[in-house]
Amino acid sequence: MELGIAVIGIASVALCAMPFVITNRSRKTKEKVVLTSLKDVAHQHNCEISEHEIFGHYAIGVDQTKSYVFFVLKTKEAVQQQFVDLSSIKTCEIANIGKSYVRKEKIIDRLNLTFFPVDSNQLDTVFEFYNADINYLLSGELQSIEKWNTLIKNMLKN
């Protein structure tokens with residue numbers, strides 16, 4: 001009788017834990033795909049990622065010795081790879097695009113890291129960290145974009 005109760009208890013715990021295990025494996029698999037894509041775009045430019053961050057749907061990394069920044073954005077449709085050679089960049093800024101309301105509340109629609117080239121004839125490069133149409137809630141993207149903006153500006157000074 002006690003053996004039956006123990007088996008039922010173990011089976012119940014296993015069933016309750018299974019969704020967490022599956023979710024964790026799925027997340028790690030997606031992160032691995034994004035990181036591989038980030039390393040691929042770096043290798044295409046003969047660079048090595050010295051520091052990186054994977055954040056659900058995007059990954060960003062830098063090669064601090066060659067002054068390159070790499071960005072991979074994974075959407076349902078495709079994986080978008082971007083890079084910036086910091087030797088041709090004047091500055092980078094955070095573009096916090098949103099709506100302001102009467103009570104001084106601001107709803108963020110998009111968070112972009114925009115790179116402004118030295119040559120004004122070239123187009124700006126934009127890394128999209130957050131888009132409200134794709135991700136419904138902010139979950140650390142603001143802190144992430146501020147961290148990378150600071151790191152890249154320090155690289156630009158050197």
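This is a predicted model: local features need pLDDT of at least 70, side-chain atom pairs count only at pLDDT 80 or more; totals for chains, interfaces and linings use all residues.

I begin with His52, which sits in strand β1, the run from residue 51 to 55. Is this side chain's residue buried, exposed or partly exposed? His52 has a relative accessible area of 38%, and because that value falls between the 20% and 50% cut-offs, His52 counts as partly exposed. Leaving aside residues up to four places away in sequence, its contacts are Leu35, Leu38, Ile60, Gly61 and Trp148. I would also draw your attention to Phe70, 18 residues from His52 along the chain; the two C-alpha atoms are separated by 9.0 Å.

The relative accessible area of His57 is 14%; since buried means under 20%, His57 is classed as buried. Which residues does His57 touch, not counting those up to four places away in sequence? They are Val72, Leu73, Lys74, Phe129, Asn135 and Glu141.

One of those contacts, Phe129, takes us to strand β7, which spans residues 125-131. This strand is mostly covered, with five of its seven residues buried. How does β7 pair with β6? Strand β6, residues 106-117, runs antiparallel to β7, and six bridges join them. As an example of the pairing, Asn112 has Glu128 of β7 as its bridge partner.

Thank you for your attention.

Technical notes:
Residues are numbered from 1 along each chain as its sequence is written. Side-chain values use heavy atoms; hydrogens and water are left out. Helices (H or I, at least four residues) and strands (E, at least two) are DSSP runs, numbered from the N terminus. Buried means under 20% relative accessible area, exposed over 50%, partly exposed in between (1.4 Å probe, protein chains only). Contact means heavy atoms within 4.5 Å. Two strands pair if DSSP finds at least two bridges between them.
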